[in-house]
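Take a walk through this protein model.

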Amino acid sequence: MTTYLQQAQTGVWDVRASFLPHVYFEGVNLAGGIALLLPPQPVDEQIADRVLDRLDGLVVTGGPDVDPAWYGQAPHATTDQPARARDEWEFALIKGALGRGIPVLGVCRGAQLLNIALGGTLHQHLPEVIGHTHHQKGNAVFGTSAVRTVAGTRLAGLIGESSDAQCYHHQAIDRIGDGLIVSASDTDGVIEAVELPGADFVLGVQWHPEERLDDIRLFTGVVDAARVYATERVS
């Protein structure tokens, strides 16, 4: 599971730190998986390969906006300052995982990174597209969106026809990356999930499943796929 890298306060300390909210790895644990945290760090293909040699699945977590330079755009006034070290780390892990067939679940920012890694783009400020701020209310208050899945997709097989999703994003997928398909949208027409068709588990959701651990079906999906990958790798 990828992590943040930013200034953090704990007790008397105010330091730059790697961290991840507990609900993420609690979701993996509840689904029967073992969580390993992957902090942003200097990366090249060899480093990414050595890390991926030891993983059975990859969860790319939420966080700040992706640097729009990655998809050929200038930053919008509302776009976060780039966290380029994290971007580079997570792109390397995603591309390496896709090349190996390692199961991938992207959450919010993770879904956006997956799309960009495959040549897609983002809407940098969703309120300018749909006319409201419901998807990111601010002050750590999640909005609830009704998402409808596309029949026959992996996502539909995991969660059924529809779900109430916990959202906190002001950006969203615009042009779809190569090979991806849309597997869910909300009532505003916002793309809420994408996936790669085929045998490999590659799924990105724009919402935050870790905020609703009474429903761990997405975590169960990636953990089950990781278990299959691990078994096939050693057989």
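Is tryptophan 13 buried or exposed? Tryptophan 13 is exposed, because its relative accessible area is 57% and exposed means over 50%, buried under 20%, and partly exposed in between (1.4 Å probe, protein chains only).

A word on the source. This is a predicted model, in which local features need pLDDT of at least 70 and side-chain atom pairs count only at pLDDT 80 or more, while totals for chains, interfaces and linings use all residues. Residues are numbered from 1 along each chain as its sequence is written, and side-chain values use heavy atoms, with hydrogens and water left out.

Tryptophan 13 lies in strand S2 (residues 13–19). Helices (H or I, at least four residues) and strands (E, at least two) are DSSP runs, numbered from the N terminus. Val12, Trp13 and Val15 make up a nonpolar surface patch with about 350 Å² of accessible area together. Patch members have over 30% relative accessible area and no salt bridge; nonpolar side chains (Val, Leu, Ile, Met, Phe, Trp, Tyr) are joined within 5 Å, like charges within 9 Å. A salt bridge is a side-chain nitrogen of Lys or Arg within 4 Å of a carboxyl oxygen of Asp or Glu. Accessible areas come from the Shrake-Rupley method with a 1.4 Å probe; for residues, only the protein chains shown count as cover.

Now the sheet. Seven strands form an open, mixed sheet in the order S3-S4-S11-S10-S9-S6-S7. Strands S3 (58–60) and S7 (162–167) stand at the edges with a single partner strand each, so one side of each has no neighbour in the sheet. Neighbouring strands here are turned by 20° against each other on average, direction ignored. Two strands pair if DSSP finds at least two bridges between them. S3 and strand S4 (residues 104–107) pair in the parallel sense over three bridges. Valine 59 has leucine 105 in S4 as its bridge partner.

Helix H3 (residues 84–100) lies across S3, S4 and strand S11 (202–205), at about 145° to S3. Angles run from 0 to 180 degrees between N-to-C directions, with axes fitted to C-alpha atoms, for helices over the stretch in contact. Contact means heavy atoms within 4.5 Å.

Serine 185 lies in strand S9 (residues 181–186). Serine 185 is partly exposed, at 24% relative accessibility. Its contacts include Arg148 and Glu192.

Asparagine 115 lies in helix H4 (residues 109–117). Asparagine 115 is buried, with a relative accessible area of 0%. Among the residues that asparagine 115 touches are Leu122, Arg175 and Leu180.

Conventions. Lists of a residue's contacts leave out its neighbours within four places in sequence.
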